[in-house]
Amino acid sequence: DMMAGYGSVQEAKLEQSGVVYSGDFQSSLSPLPEDEKPEPASDPPPPVVRSEKSRKNSRWLSIYITYFTMFLSAVTFSIVISSLWPYLEYIDERNASTNFLGLVVAIYSVGQLIAAPLFGVWSNLWSTRQPLVVSLLINIVFSVLYSYAGAFRDGIGGWVLVVSRFFVGLGAGNAAVVRSYVSGATSQEERTGAMAGVSASQALGFILGPAFGLAFSPLGKAGWNIHRIRFSLNMYTGPGYAGAFLGLANLLLLVLFKEHRLDHGHAHATSRPAVEPTDTKLGKVKPPSHDNKDFSTELSVSSCVTKRFDQLAAALLISLFFSILFVFAVFETILTPLTMDAFAWTHQQAILYNNLAFGVSAIIAIVTFAGIKFASKKVDERVLMMGGLLLTSFAFFVLVPMGSRYPELSYGPRSGNATGCLYPQQLWCATQPAVAFPQYVVSLLLLSIGYPTASVLCYSIFSKVLGPFPQGFMMGLLTAAGSLARATGPFFVALLYGHLGPLGTFPVVDGLVAISVLVMLCSCHRLVPFSSAAG
């Protein structure tokens, strides 16, 4: 009776607390046989506290860090361009020639071409962070070695430049890691814009790099020295130290980097809740509803990936990307020798004025990038890319000498006070008119608009042609094409310019751009997004 009374009291308390209980409480206190005891219920896993918004913010912070890495990769190529030719003449008169200049410029991209696939495989097998850290350490060490090349004797300093630029190029192989990571860390809806951001970061780095050298021009040749450790900071070595500093800053930013990967089979992977809905009674995860938007979208994506993207269109875009980077590498390589030959500029004047010109060019490029974002909403991207190629073609056409003024001749080494066109090393100096200063300005303005337009839209169209497929491998091919362009372009223009001068060089380059325009005109109907592609 006492137990029955106790049970009644407990039942009443449970009913007051809102818990419905049915059954004999007393019988529930009796022990069950061993074979009838239920399995102990396991505690449900604790819910993930992190919100979808915080995960998305973390993911995009990591993507922005990779943007800076891509920017740095391009800057390490172009930051020395304006001062490289005067630096070579200053530290190594024995090897100072346009052919050797082509070697020093091109060897960077050879290193990048070798390292890009290796870093890409590394990131696929292990993690993204490891190859990024190693590549940045390589960049820092050999950027410093570049600035120490002047400490070596004549005949050796030039080869130190070759070695240092090769290893800095190896470090820049992380561009493939960046493209692969951004492709894997974004959803289908985000990827086109994200890959355009990668392209814009690279293009801006190529253009803005020489402008960084402007800060070191006032130092002149003497600069600031610590003789005990053979340290010299001047207009020649400053760009190397700046590259090392940017690499160190990028290395510190990696502390904030966290790797994120999305399932490429799901178009709305980023829109899923951080905590799945659960059955509060059973503690089990509910299966996804078959009538929600995410599921229907996933079905459409799954069905469309049975088709293959247009491989011919992808190949054509890779060839166009090669042409775009080829002509820009040609322009950056030859600009300083051209201005020293045509305008009789000294080393300091060439570095100062060309860096200043590239600074203005960078501002124009930034405005162009912003304009492309809005223009592409109203004008077909293919039309805009064609316009960029045409402007690039006009930029080289404008550089063809047309006047009656001939360049001043320089009969001595320009590491001293001699200025003018090198003669008799370049026999054309006495027979060809000089490029006029207005030609130089107009050409730079046209290229500042044409190059970023063509390169960014080539990336964007390429990504859309690939569609929902994982893009790491194809972006690696695009990286390799860019590296090959920057490796062959400097060799090509150095050899051609040294023997034929501007009158023989720029029409040939212009012809190559014209071929690219014709290729795009003939293939324009295939350069369409994956969802619109036939088959």
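Buried means under 20% relative accessible area, exposed over 50%, and partly exposed in between (1.4 Å probe, protein chains only). The model is predicted, so local features need pLDDT of at least 70 and side-chain atom pairs count only at pLDDT 80 or more, while totals for chains, interfaces and linings use all residues. Residues are numbered from 1 along each chain as its sequence is written, and side-chain values use heavy atoms, with hydrogens and water left out.

Q: Is Y440 buried or exposed?
A: Y440 has a relative accessibility of 5%. Because that value is under 20%, Y440 counts as buried.

Q: Which helix holds both F437 and Y440?
A: Helices (H or I, at least four residues) and strands (E, at least two) are DSSP runs, numbered from the N terminus. F437 and Y440 are three residues apart, about one turn of the helix. The helix that holds both spans residues 437-466 and is α15.

Q: At what angle are the planes of the F68 and F71 rings?
A: The structure holds 26 aromatic pairs. Rings of Phe, Tyr and Trp (its six-membered ring) pair if their centres lie within 6.5 Å; planes under 30 degrees apart count as stacked, over 60 as edge-to-face and the rest as tilted. The centres of the F68 and F71 rings are 6.2 Å apart, and the pair is tilted because the planes are at 35°.

Q: How far apart are the ring centres of F437 and Y440?
A: Ring pairs link F343, W345, Y353, F437 and Y440 into a cluster. The planes of the F437 and Y440 rings are at 40°, so this pair is tilted. Their centres are apart by 5.6 Å.

Q: What is the relative accessibility of F71?
A: F68 and F71 are three residues apart in helix α3 (residues 52-78), separated by about one helical turn. F68 counts as partly exposed at 23% relative accessibility. F71 counts as buried because its relative accessibility is 13%.

Q: What separates the C-alpha atoms of P117 and T479?
A: P117 is placed in helix α5 (residues 98-125) and counts as partly exposed at 48% relative accessibility. P117 and T479 are 362 residues apart along the chain, yet their C-alpha atoms are separated by 9.2 Å.
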